[in-house]
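Visitor: I would like to learn how to read local features from a set of coordinates. Please take them one at a time, with the general idea before the case.

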Amino acid sequence: MGRKPISPTYVLGVGLTKFIKPRGKVDYTELGFEAGIKALLDAQVTYDDVDQGIACYCYGDSTCGQRVFYQFGMTKIPIYNVNNNCSTGSTGLHMAREMVGHGAADCVMVVGFEKMFPGSLQSFFRDRTNPTSTTVEMMKQTRGITNAPGAAQMFGNAGREYMEMHGAKPEDFAEIARINHAHSKRNPYSQFQHEYSLDEILSSPKIHDPLTKLQCCPTSDGGASAIIVSDSFLAARPHLRLQAIQIAGQCLATDADSLFNRSSISLMGFDMTKYAAKTALAEAGLSAQDVTLCELHDCFSANEMITLDALGLSEPGKAHEMVRKGDITYGGKCVVNPSGGLISKGHPLGATGIAQCVELVWQLRGWADNRLVRGAKVALQHNLGLGGAVVCTVYKRADGKSNLDVASPPKVGYNPAVEARGFTRKQVDQVRSHKARSEWALGETQNQVEARF
């Protein structure tokens, strides 16, 4: 049976916390609350307007989502808890769009949060089969296994294969990291805001050839939120249409059987990314050549390299040439990761996909004026999780204009795209449920969040 047409859906409001080193100082309840309140304020709605809620996280017990959402209100709405590895956040956005686009809701709130452990990613359930065990076994048979972190080995091997097949050099991967670190300097929410030279990146500790430490994303604590609404929701609130960003195309895909064809690039989900991008762009009536603004899943510089190819932003096998020409930064063909990407902004798994959405919404509204990709009319998002799943999303201004025509100005007293600030108790009171709020459910969270401001 073919896919039924989907009605127009929009991102109306977004919110983001600073991404920070995982030191156990901030709990997920605070991260989710801060991001959610900011999104509600940005959308100029209250929690009573929300029909369904989606919580996105990987590390936490069941129903962490309810624990976060109950702080906004206890209105009996359905709340879903989503875990889809590193693509968890954008999987939540995909669910929200499906709900709204097919008439199950008019307003869905998505909140992603993650409280992580220092160091590389780890598995916790040692008494059962790891879902990526077949992927690891294929890597073992084709490239062997070292003592490096597993993810760095897998993506590093993809980088090696790209070098062998297409002639890329270690300097090309380092240049990707250099650009992302340079971009993040202008993002007030980034975990790292230090700019590095190419030599500094190449001489940082070797993790797994061709990857050095500064080419690998860190683990992070952070939260992000988005409010997804229908066209009828906007029609009833015409004053909000100027700030709405349309989800013009989207595809959530899983792996093709080529995953196990003994290619290190295929093993990292190359074909599902290629399929998802092509499908999302086609739904939006666009091609990759129309994209001048992109947030992609650069968990390692090697993944950005192969993803430029998979998304169609470069010619097949020519991603390294795109990098050498300066075509992934300002003044080039397509500005990739103006936020700094995962490499420098950080990677709290459940929040990452939503944080990419936040950046692209700010860009298309014309608010990100310290890092604006001038003239952008559309934006492409790519969020990948091994195991596997990928979500590609295309965003457009609802009014069809470029970001040089600045959308409705921020209503929170400052520009959240360029300044990471908090909120007042009065603002919190405005957007929490007025029908069914619980101070018991909120507890000390608001005080703890305010103390960080």
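Visitor: Where is the place of Gln-44?

Guide: This is a predicted model, in which local features need pLDDT of at least 70, side-chain atom pairs count only at pLDDT 80 or more, and totals for chains, interfaces and linings use all residues. Residues are numbered from 1 along each chain as its sequence is written, and side-chain values use heavy atoms, with hydrogens and water left out. Helices (H or I, at least four residues) and strands (E, at least two) are DSSP runs, numbered from the N terminus. Gln-44 is placed in the loop between α1 (28–43) and β2 (52–56).

Visitor: What is the phi of Gln-44?

Guide: Gln-44 is not a glycine, yet its phi is positive, about 60°. Asn-337 is another non-glycine residue with a positive phi, near 55°. Asn-337 is found in the loop between β10 (335–336) and α12 (341–345).

Visitor: Is Asn-337 buried or exposed?

Guide: Buried means under 20% relative accessible area, exposed over 50%, and partly exposed in between, using a 1.4 Å probe and protein chains only. Asn-337 has 0% relative accessibility and therefore counts as buried. Gln-44, with a relative accessible area of 33%, is partly exposed.

Visitor: How many aromatic pairs does the structure hold?

Guide: A pair of aromatic rings is described by the distance of the centres and the angle of the planes. Rings of Phe, Tyr and Trp (its six-membered ring) pair if their centres lie within 6.5 Å; planes under 30 degrees apart count as stacked, over 60 as edge-to-face and the rest as tilted. The structure holds 10 aromatic pairs. In one of them, Phe-69 and Phe-72 have ring centres 5.9 Å apart and planes at 90°, so this pair is edge-to-face. Both Phe-69 and Phe-72 are buried.

For Phe-423 and Phe-453, the centres are 5.1 Å apart and the planes are at 85°, so this pair is edge-to-face. Phe-423 lies in the loop between β12 (389–397) and α14 (425–431), and Phe-453 in the segment after α16 (445–452), so the pair ties together parts that are 30 residues apart in sequence. Phe-423 counts as buried at 8% relative accessibility, whereas Phe-453 counts as partly exposed at 41%.

Visitor: Which residues form one aromatic cluster?

Guide: The cluster is made of Phe-33, Tyr-47, Phe-69, Phe-72, Phe-423 and Phe-453.

Visitor: Where does the charged end of Arg-365 sit?

Guide: A charge sits over a ring if NZ of Lys or CZ of Arg is within 6 Å of the ring centre and within 35 degrees of the ring normal. The charged end of Arg-365 is over the ring of Trp-367, 4.5 Å from its centre. Arg-241 lies over the face of Tyr-10, at 5.9 Å from the ring centre.

Visitor: How many salt bridges does the structure hold?

Guide: Side chains of opposite charge can pair when their charged atoms come close. A salt bridge is a side-chain nitrogen of Lys or Arg within 4 Å of a carboxyl oxygen of Asp or Glu. There are 23 salt bridges in the structure. Among them, Arg-437 pairs with Asp-429, with the closest N and O atoms 2.6 Å apart. Arg-437 is partly exposed at 29% relative accessibility, and Asp-429 is partly exposed at 40%. Lys-401 forms a salt bridge with Asp-405, where the closest N and O atoms are 3.3 Å apart.

Visitor: Which residues are linked in a network of salt bridges?

Guide: That network links Glu-30, Glu-34, Lys-38 and Arg-452.

Visitor: How do the axes of α9 and α10 cross?

Guide: Axes are lines fitted to C-alpha atoms, for helices over the stretch in contact, and angles run from 0 to 180 degrees between N-to-C directions. The axes of α9 (residues 270–283) and α10 (residues 301–310) come within 9 Å and cross at roughly 45°. That makes α9 oblique to α10, given that angles under 35 degrees count as roughly parallel, over 145 as roughly antiparallel, 65 to 115 as roughly perpendicular and the rest as oblique.
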